[in-house]
Each structure stands twice: as C-alpha cells, then as structure tokens.
Amino acid sequence: MSIEIRHVTKRFGEAVAVDDVSLEVETGSLTALLGPSGSGKSTLLRIVAGLETPDAGEVILSGEDATTLSPQKRNVGFVFQHYAAFKHMTVRNNIAFGLTIRKRPKNEIRERVEELLALVQLQGFADRYPAQLSGGQRQRMALARALAAEPKVLLLDEPFGALDARVRAELRDWLRRLHEEVHVTTVFVTHDQEEAMEVADRVAVLNRGRLEQIGSPLDLYDEPASEFVMRFVGDAHDLGGALVRPHDVALRREPGDGAVEVAIERITVLGADARVELVDGDGARLAARLRRDEVEELDLEEGEILWVRPERERVFSS
C-alpha cells in the first residue's frame, strides 16, 4: 500500500504541530520520519493511522482518500514506544488478540500466531507473560501483534525509544531483516539520526512541523537541502563561514590559502578511525575525522598547532 500525504496541517490550539506537509511513501518501502522533539513527526504518523484528524490536507492510501476513515478501516498496524501489552495475557494471547476480536476461525488464529512467533523469534516464550520478557522481547511481541491481522501499512512510533543502546542496535538490525522478509509498507518515527540512517530506505526530516527534506540516507548526508538538515543529520562544524563535515576537514602543518590556525585539544581513537578535536584562536571548536593510520603518519600530539581547511564545504542562504 502506498501512502500520499497532501498539504497536511494540524494545529493544537495556537500551536502548529504539522505545517503544510506533503510526502509520498512507496509501496513496500521502509521510511523514517526523523526530527527533534516537537518537530511534528509523531503527530503526522497518528494522522496517517487515523488517530488524529488533520485541519487541512488529505491522506491517500493506495490511491483512495482515507482522510476521514476510522483507524479500523485503514488496515494499518500501529506500535507505540511503550508496548501497550495486555499484562494478564500470555505472549500467545497478546499476539492473537486482534484476530480473536475479529472472530477469525480458531485454527487460522493458531496457525497465524505460530507463524508470527517464529518470525519474531519468540517460539519458546509463547506461554510467558509480558513481565517475564526483556524489553527487546516485549517490543518484538508488540510488532508481532501489529502484524497479526496482515496490515497493508505498519506504523512505528519511536519503537525502540525505551530500550538501552545495545538492545536498540540489535532490534534495528532485526527490523531491517524483518522488513526484507514481509515487505509491508513501514513508516517509523525516530529522533535518532543513526537509527534512521541504518534502517530506512528513505528518510523524511521534519523541523518545527515542516518537511525540510526527504531522500535516501546518502542523499541527506551528502546533499543536505538546508543548514538544519546538515547539522541534524551527522556532524557539521563552522569553518571559515561555511559548514563542513569532520571527514572533510584537512589538517596541514603549514599555512595555506583558506587555512585556519587551530590547536589540537584531544585525539580519540575509535577503532580504525580517529577523531581530532580542535579549537581556533577565537575559542570555536570543530573536529576532524581521519583514519587511524593517518593520525599515526602525521604524528599528531595534543596541544600542537596546525592549520585546517575544508576539502568540501557548504554555505546555505538564510
């Protein structure tokens, strides 16, 4: 199922949560809505689900106007950050719940639940209760429950936000593999740039209710459409009146055209890479990212004076 959002606006009192947003989500794609708190991403997701009604604009699902349809008629699955599990039900019954209230045949429910338990790797946990699961297992159960009725669209609102960093990383990889297997059109909300860039086919960046840019992770990083996107998607530093990525900061021992004098504050080795933190004469800080062997070859030391210049820079009109 494709999703088309046309000029959608949503206000809460005087506050504009979503401001004339238009975007398209292709059938079978995995799209992230990325932005800081208050950017409108969760409100936009709820509008697609039918949990909020836009003040203006349309939501088109598979070519048909769904703006006024109830959530039950949209054939979407929705997963919240905090699981919303039925604590008195086993994992099996939690997953079966949506099929049970739809009065599906018992053998169909049993077969579908067994299929989903295998899909989300919870076969040995079917008779446990939510309190007996880890956070990652509860979130996988929530995803299985959302998939039970075979929705055409899966909507995830900060699905891994309540988990620790290690479990988040594991579930990001798992979600990507799950999507490759089920191919359901999926939209997920996150404020985590790394999460969006690792998981999604396309990323829509929102800021103060407006869509700044939508594109592939590589497009957003290499060809940002605005200063906000460049600063929000990956590191960016001011250098000589322009913005530059850390890996585009060139270090030199001698001054040259366009070079700025800096001092090395700190060198941090990050596996095969190294981050060199710098400060200029005005106290402005920036960083360069080099390969570890480059740092060793240059024989850099903390406190040393160097000159830097951008190998690639961007200037955005205000």
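This is a predicted model: local features need pLDDT of at least 70, side-chain atom pairs count only at pLDDT 80 or more; totals for chains, interfaces and linings use all residues.
Residues are numbered from 1 along each chain as its sequence is written, and side-chain values use heavy atoms, with hydrogens and water left out.

**View 1. Arg6 and Glu4 form a salt bridge.** Their closest N and O atoms are 2.9 Å apart, a salt bridge being a side-chain nitrogen of Lys or Arg within 4 Å of a carboxyl oxygen of Asp or Glu. Arg6 is partly exposed at 33% relative accessible area, and Glu4 is partly exposed at 23% (buried means under 20%, exposed over 50%, partly exposed in between, with a 1.4 Å probe and protein chains only).

**View 2. Arg312 meets Glu223 in a salt bridge.** The N to O distance is 3.0 Å; because Arg312 lies in the segment after strand E17 (305-310) and Glu223 in the loop between helix H7 (217-222) and helix H8 (227-232), the pair ties together parts that are 89 residues apart in sequence. Helices (H or I, at least four residues) and strands (E, at least two) are DSSP runs, numbered from the N terminus.

**View 3. Arg253 meets Glu304 in a salt bridge.** The N to O distance here is 1.9 Å. Arg253 is partly exposed, with a relative accessible area of 36%, whereas Glu304 counts as buried at 19%.

**View 4. Arg172, Glu194, Glu195 and Glu198 are linked in a network of salt bridges.** The structure as a whole holds 26 salt bridges.
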